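Hello,

Here is the structure you will be working with. Please look it over first; the notes on what was found in it follow below.

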Amino acid sequence: MNTPWYQELVQKKYFKLFILLLIPVFYYFYSFGNFDLAPSDDDVYFQTGLLFELPYPTFGNLLYPMGIYIFSKFFQDHILLSYSYTFLLSVALFFSLFLFLRKNIQSFWIAIFVAMAFLFSDFQVNLQPRITVLNLIFGLSFLSIIDLKRPAYINWGITSVGLLLCNYVSRPEFFWFFVLSSLIFAYYTFTNSFISSKRKITVGLSFAAFVALFYFIGGGINEPGKLKVAFIQHFFDNYYDWYGKSFDYDEEFVVFEKIFGKTNSDLQLITANPTFFFKHVLTNAKNYVSVVILILKSGFYDLFTPFFQFKTKYFFLVFILFFGAFIDYKKTVNAILTSLKNAIKTSPYLIAFLLPTCIAVLVVYPRHHYVIMHMPLYLLLVAIFIKSISFRKNSFTNGLPKLFSLIFIAGFFGYYPYKKAEPRHTDFYYFMKEIGTKKQIEILSNDIFGQNYFNENYHRTGWDPKKDNLVDMLNSGNYDVLSFYFLDLEVPENRAFLKEGSLKTKMIRIKTYEPLKRYIWVKPELVGLFKNQ
């Protein structure tokens, strides 16, 4: 029996390569410049990248700002720089995820389907901050080159290098597991009787030199106390959910000390007040499950919403029941169990990458950019499930995979182009950038990092809400624009100015971007520049 032409085509290497390279092109038109540059930790890293110098004076996020610095040599427009760097990270994530899945399930098309679903998901497109995407790229890349046919010391050496690089991207927990992995690596290296003493010394010195290089340029190798600060900040996110009470940033540290007392180490977070600590952890665990579901929903469910909107859940249920009616469950379950047994063989290396962020999501908070680092596990399970599905053999069920593919592709085109929310912080940056081309602007603003996107022809002055009187500063006539953003509103004095103090000045309030918690006041004679507002 002759094989249909399309089946022959999809097996050809050049066609697979064409599809693999075509997806980033589609993604460029789908996402580039279409998501918002909302204020986040990324703004801090962005400024660090613009001012990047080596060696670091103290330990900090090294590799993510380094990438921004390198890109800044090619892009003078900082908004374009940010979008380009984000695009590069997303595409690198797609390829590394594809390689990881392809290696573990031995199916090109399922690997590319799952990786593409994640790439085009709203969650991935809108993720901020994106710093942990680089962690994920390193983790997936190093997991992809783990080979069980190699000696264990090589695989643990690869794992140790990957964890070291992750340590110099973000999260202090990676350092702990880097140390553990390095000890395992050293054990397998120096107890291996098949390796000569000379080679053992060469391997050990090479690894030590690599670590020393990063220690020197990265300002050390660890930052004690970082976990505690993050714990305090996010403890009060849960505290608000429990009791409906919020505190200003400075107040949080005072209230925390009343609840937990003096805590001088990470371990004391547990022992100081175990009841509150484990209540915080259990709340995080519940929220973590919600975020995982949100991520998977974004990749595999939301594509149906353009067609069925609020009825999508009913369609999806019918869709699952319809396909479920034709599944050969015995073969499917056996195939899943076989695949899981094979996956377990490489699980120690995957666990070494996942455990650091398990601590982060449970002890600190399941922030979206933490949870994303667990996607290798969940997307691998999705890929295993899809590959393992067996249908009862007949002429109708032979076409079910094609039907599913057509529905997914139709959903993708129904979702395209990516929907932009208006107004956006990026619109604000572009507008301020345009205003700056018309005259030199004296701006009163504490948004140090956001101004990196429209810094040309602006002279920024900050103020201390506790000491400075904004009304007097504005009435002096020395400033053309006053700008608030959401962090300013955490300070009582600024909230009071917004409510009453601004009325005591001659400045005109511009309300276009207030849905974004961006408040602008301008001199009356400059209102003409804001006429498009």
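Is Asp-447 buried or exposed? Asp-447 is buried, since its relative accessible area is 6%; here buried means under 20% relative accessible area, exposed means over 50%, and partly exposed lies in between, for a 1.4 Å probe and protein chains only.

Before the rest, a note on the source: this is a predicted model, in which local features need pLDDT of at least 70 and side-chain atom pairs count only at pLDDT 80 or more, while totals for chains, interfaces and linings use all residues. Residues are numbered from 1 along each chain as its sequence is written, and side-chain values use heavy atoms, with hydrogens and water left out.

Asp-447

Asp-447 sits in the loop between strand E1 (441-445) and strand E2 (458-461). Strands (E, at least two residues) and helices (H or I, at least four) are DSSP runs, numbered from the N terminus. Not counting residues up to four places away in sequence, Asp-447 touches Arg-460, Tyr-485 and Arg-518, where contact means heavy atoms within 4.5 Å. With the side chain of Arg-518, the side chain of Asp-447 makes a polar contact at 3.2 Å. A polar contact is a pair of N or O atoms within 3.5 Å; within protein, one must be able to donate a hydrogen and the other to accept it, and residues adjacent in sequence count only if both atoms are side-chain atoms.

Helix H19

Ile-359 belongs to helix H19 (residues 347-364) and is partly exposed, with a relative accessible area of 23%. Leaving aside neighbours within four places in sequence, Ile-359 is in contact with Glu-173, Trp-176, Phe-177 and Val-364.

The axes of helix H15 (residues 274-300) and H19 come within 7 Å and cross at roughly 115°. That makes H15 roughly perpendicular to H19, a label for angles of 65 to 115 degrees. Axes are lines fitted to C-alpha atoms, for helices over the stretch in contact, and angles run from 0 to 180 degrees between N-to-C directions. Among the residues that meet are Phe-277 and Tyr-288 in H15, and Val-361 and Leu-362 in H19.

Cysteines

The disulfide count is 0, a disulfide being a pair of cysteine sulfur atoms within 2.5 Å. The sulfur of Cys-166 is 14 Å from the closest cysteine sulfur, in Cys-358, which is too far for a bond. Cys-166 is buried at 0% relative accessibility, whereas Cys-358 is partly exposed at 26%.

Regards

Technical notes. Angles under 35 degrees count as roughly parallel, over 145 as roughly antiparallel, 65 to 115 as roughly perpendicular and the rest as oblique.
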